[in-house]
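Dear colleague,

I am handing over the structure below. My notes on it follow; please read them with the model open.

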Amino acid sequence: MGTPSPAAPWGRALWALLLATLGCSAGQPLGGEPMCTAQPLAKYSITFTGKWSQASFPKQYPLFRPPAQWSSLLGAAHSPDYSLWRKGQYVSNGLRDFAERSEAWALMREMEAAGEKLQSVHGVFSAPAVPSGTGQTSAEFEAHSRHSLVSFVVRIVPSPDWFVGVDSLDLCDGGRWREQVVVDLHPYDAGTDSGFTFSSPKFATVPQDTVTEITASSPSHPANSFYYPRLKSLPPIATVTLARLPQSPRAFPPAPGLGGGGNELAYSLPAPETPLDCEVSLWSSWGLCAGPCGRPGAKSRTRYVRARPANHGAPCPGLEEEAPCVPDNCV
């Protein structure tokens, strides 16, 4: 029997090191995100608080048919390789139906399919609708160390295809679960309907656009319901609070001060008052010159109020204007 080669132990050591390296790489989440090493499961409550009041958003505020309100909340706890929605990307067919008509079944099927086929969704959760612009709704869900991200959407009702939500918020911070996270929410356009106002008739966007954030100056059109050129940024239209619940084999009680799975009135600080300047139409054409023949006369034109001022906004300018003229076509 020959003498063993001195290179053999080194070869085995290198092979073991290679296997260990490959094993570590396989355990990392996609996209290079840091791995969550917290205990496998965590329970959370999610409380959505609507702040869509007439004081904060006076322009075209919906008062009836239907009044300002929020759809049900629909979300999921998932891994980094799943996306419910993302700014700058196209929405799915299910999310289009939800953003335009509050129809949730197709979107729920999409999320459940991602959990069954790709193992990227740990669980789907929902909370009841809020029947007014200001109010609360809440739910509970479970996060896993391999599914530590949470995403959700709530439709703004009425609207063409506008919604608020969170995209891939990580509840895990390395080796521990976050105890509480509070996020201010702002409106987004799903990119499937071209309406400018809350009550715009349906007008499909062809070709479909990507998700964009609606701001005080974008879309830059005076007809836009969120167009407030005097503001640098819109006040939050809603907030969401995610609070970790204590581990218990029994039912999980709601976190102190938060609702327990229904919708209720929100008791908070008064909403900020957003100033709304008076908006008037363009001038009409000049009327006929009135006055005796051959002598100076006067003509006039008018305009009307499109939106009255609110919350100390700029007052309305004059609605009638006169100018001198000389009558013609005298008989």
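Cys-325 counts as buried, at 14% relative accessibility; here buried means under 20% relative accessible area, exposed over 50% and partly exposed in between, with a 1.4 Å probe and protein chains only. Its disulfide partner is Cys-289, with an S to S distance of 1.8 Å, where a disulfide is a pair of cysteine sulfur atoms within 2.5 Å. The pair links distant parts of the chain, 36 residues apart: Cys-289 sits in the loop between β14 and β15 (297-302), and Cys-325 in strand β17. Helices (H or I, at least four residues) and strands (E, at least two) are DSSP runs, numbered from the N terminus. Cys-289 is partly exposed, with a relative accessible area of 24%. The link of Cys-289 and Cys-325 is right-handed, with 95 degrees about the S-S bond.

Before the rest, the basis of the values. This is a predicted model, in which local features need pLDDT of at least 70 and side-chain atom pairs count only at pLDDT 80 or more, while totals for chains, interfaces and linings use all residues. Residues are numbered from 1 along each chain as its sequence is written, and side-chain values use heavy atoms, with hydrogens and water left out.

The other disulfides

The structure holds three disulfides. One of them joins Cys-278 to Cys-316, with 2.0 Å from S to S. This pair also links distant parts of the chain, 38 residues apart: Cys-278 is in the loop between β13 (263-264) and β14 (279-280), and Cys-316 is in the loop between β16 (305-307) and β17 (320-325). The link of Cys-278 and Cys-316 is right-handed, with 90 degrees about the S-S bond. Cys-278 counts as buried at 14% relative accessibility, whereas Cys-316 is partly exposed, with a relative accessible area of 29%.

Cys-36 and Cys-172 form another disulfide, with their sulfur atoms 2.1 Å apart. The two cysteines are 136 residues apart and link distant parts of the chain: Cys-36 lies in the loop between α1 (7-27) and β1 (41-51), Cys-172 in strand β7 (residues 172-173). This link is right-handed as well, with 85 degrees about the S-S bond. Cys-36 is buried, with a relative accessible area of 12%, and Cys-172 is buried too, with 5%.

Strand β2 and its partners

Strand β2 (residues 69-78) is mostly covered, with eight of its ten residues buried. Which strands does β2 pair with in the antiparallel sense? One is strand β5 (residues 149-157), over eight bridges; another is strand β3 (residues 121-127), over six bridges. Two strands count as paired if DSSP finds at least two bridges between them.

Backbone points to check

The loop between β1 and β2 contains Pro-66, and the peptide bond from Arg-65 to Pro-66 is cis, with omega near -15 degrees. Gln-60 has its place in the loop between β1 and β2 as well. Gln-60 is not a glycine, yet has a positive phi of about 55 degrees, and is partly exposed, with a relative accessible area of 35%.

A cis peptide bond also joins Ser-218 and Pro-219, with omega about 0 degrees. Pro-219 lies in the loop between β11 (212-213) and β12 (238-244).

Ser-102 is another non-glycine residue with a positive phi, about 65 degrees. Ser-102 is found in the loop between α2 (93-101) and α3 (105-117) and is partly exposed, with a relative accessible area of 27%.

The chain as a whole

The chain has three helices and 17 strands. Of its 331 residues, 40% are buried. Among contacts (heavy atoms within 4.5 Å) between residues at least 6 apart in sequence, 73% join residues at least 24 apart. The accessible surface comes to about 18,400 Å², and 57% of that belongs to carbon and sulfur atoms; accessible areas come from the Shrake-Rupley method with a 1.4 Å probe, and for residues only the protein chains shown count as cover.

Regards
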